[in-house]
Amino acid sequence: MTDTSSTAPAKLSDAAIRRRMFADFWFYFSENRGAVVGLAIFVLLVLVAIFASLIAPHDPAMQYRDSLLVPPIWQEGGKSGFLLGTDAVGRDILSRLIYGAQYSLFIGIVVVAVALIGGIIIGLVAGYFGGWVDTVIMRVMDVILAFPSLLLALVLVAVLGPGLVNAMIAIAIVYQPHFARLTRAAVMGEKRREYVTAARVSGAGNLRLMFRTILPNCLAPLIVQGTLSFSNAVLDAAALGFLGMGAQPPTPEWGTMLAEAREFILRAWWVVTFPGLAILITVLAINVMGDGLRDALDPKLKRG
């Protein structure tokens with residue numbers, strides 16, 4: 001007969017520890033009011049992206065030829081069917097902004113995922129093995145970091161060809177060194193600790209030490225960097241779209257919308273203002289949310 005009395009308290013204890021950790025995290029995160037507001041805006045953006053087909057009043061590619069450059073509803077000449085007006089070919093701006101949220105989230109998720117995975121692997125190898133391996137890897141990362149990020153992304157997109165997928169690949173390559181350097185620094189600080197030595201003595205191999213023992217203790221700064229890189233990816237993708245090297249028309253991506261509206265800045269302010277505000281609010285919300293995550297995850301910043 002198996003005695004389960006000794007295992008039940010352990011399970012309850014683990015659950016209690018997790019609840020306590022989450023409570024501590026939320027306490028420090030919620031102290032930053034801007035971070036809470038940023039989180040609320042980000043959650044709203046996610047909901048808008050998920051339910052875009054239900055929220056958007058029109059198809060983002062539908063052209064209403066009898067409603068070209070219609071102003072917003074509160075301005076003289078506005079129409080009730082187009083709350084934020086229409087663009088030069090009669091497409092509803094509000095619908096295009098709503099569908100543009102999908103592209104912004106997709107860009108951020110793909111770029112951060114690719115850069116994070118690649119950067120973690122590179123940083124783990126460099127920090128764990130050290131020596132000439134570390135030297136070669138980090139010199140390559142330094143070369144990439146020596147170029148301005150947007151300029152290097154433009155060069156890569158020019159080589160790969162214009163398009164949203166190629167733009168995301170280029171931005172991910174540009175951001176990878178940041179994750180690699182951060183991972184390397186964290187690994188070099190952790191690999192000499194006693195718990196790593198104990199795991200090595202117990203027979204753990206290099207891969208297990210790297211990915212199961214060391215990496216979980218290096219995730220806090222990577223999460224913060226990932227959040228900040230998410231906002232930068234949205235901004236850089238919009239910049240590439242504005243320059244004609246990212247998403248191509250008629251894709252309802254915010255940077256592409258700005259590029260299409262350049263010639264109408266003086267006589268139709270709404271076609272430029274609303275996509276620009278969407279980029280501004282999204283990037284600002286994610287950045288302040290990242291500041292809150294840094295405060296909550298970095299023990300050095302916690303107040304006793």
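The accessible surface of the protein amounts to about 16,200 Å² in this predicted model, and carbon and sulfur atoms account for 67% of that area. Of the 304 residues of the protein, 43% count as buried. Taken along the principal axes, the box filled by the C-alpha atoms is roughly 75 × 50 × 40 Å.

When contacts between residues at least 6 apart in sequence are considered, 68% of them join residues that are at least 24 apart.

A nonpolar patch is present on the surface, where Leu151, Val155, Val159, Leu160, Val165, Ile169 and Ile173 together present about 600 Å² of accessible area. At least two residues of this patch are supplied by each of two elements, namely helix 6, which spans residues 149-160, and helix 7, which spans residues 164-190. The most is given by helix 6, with 4 residues. One of the patch residues, Leu151, is found in helix 6, and this leucine counts as partly exposed because its relative accessibility is 45%, a value that lies between the limits of 20% for buried and 50% for exposed residues.

Helix 7, which contributes to the nonpolar patch, also contains glutamate 190. Glutamate 190 has a relative accessible area of 14% and is therefore buried, the cut-off for this class being under 20%. With neighbours within four places in sequence left aside, the residues in contact with glutamate 190 are Tyr195, Val196, Ile214, Asn217 and Cys218.

A further residue examined here is phenylalanine 242, which is located in helix 10, an element covering residues 219-242. The relative accessible area of phenylalanine 242 is 30%, and this residue is therefore classed as partly exposed. Apart from residues up to four places away in sequence, phenylalanine 242 touches Gly255, Thr256, Leu258, Ala259 and Arg262. Between the C-alpha atoms of phenylalanine 242 and alanine 261, which are 19 residues apart along the chain, the separation is 9.8 Å.

Technical notes:
Residues are numbered from 1 along each chain as its sequence is written. This is a predicted model: local features need pLDDT of at least 70, side-chain atom pairs count only at pLDDT 80 or more; totals for chains, interfaces and linings use all residues. Side-chain values use heavy atoms; hydrogens and water are left out. Patches are made of residues with over 30% relative accessible area and no salt bridge: like charges are joined within 9 Å, nonpolar side chains (Val, Leu, Ile, Met, Phe, Trp, Tyr) within 5 Å. Accessible areas come from the Shrake-Rupley method with a 1.4 Å probe; for residues, only the protein chains shown count as cover. A salt bridge is a side-chain nitrogen of Lys or Arg within 4 Å of a carboxyl oxygen of Asp or Glu. Buried means under 20% relative accessible area, exposed over 50%, partly exposed in between (1.4 Å probe, protein chains only). Contact means heavy atoms within 4.5 Å.
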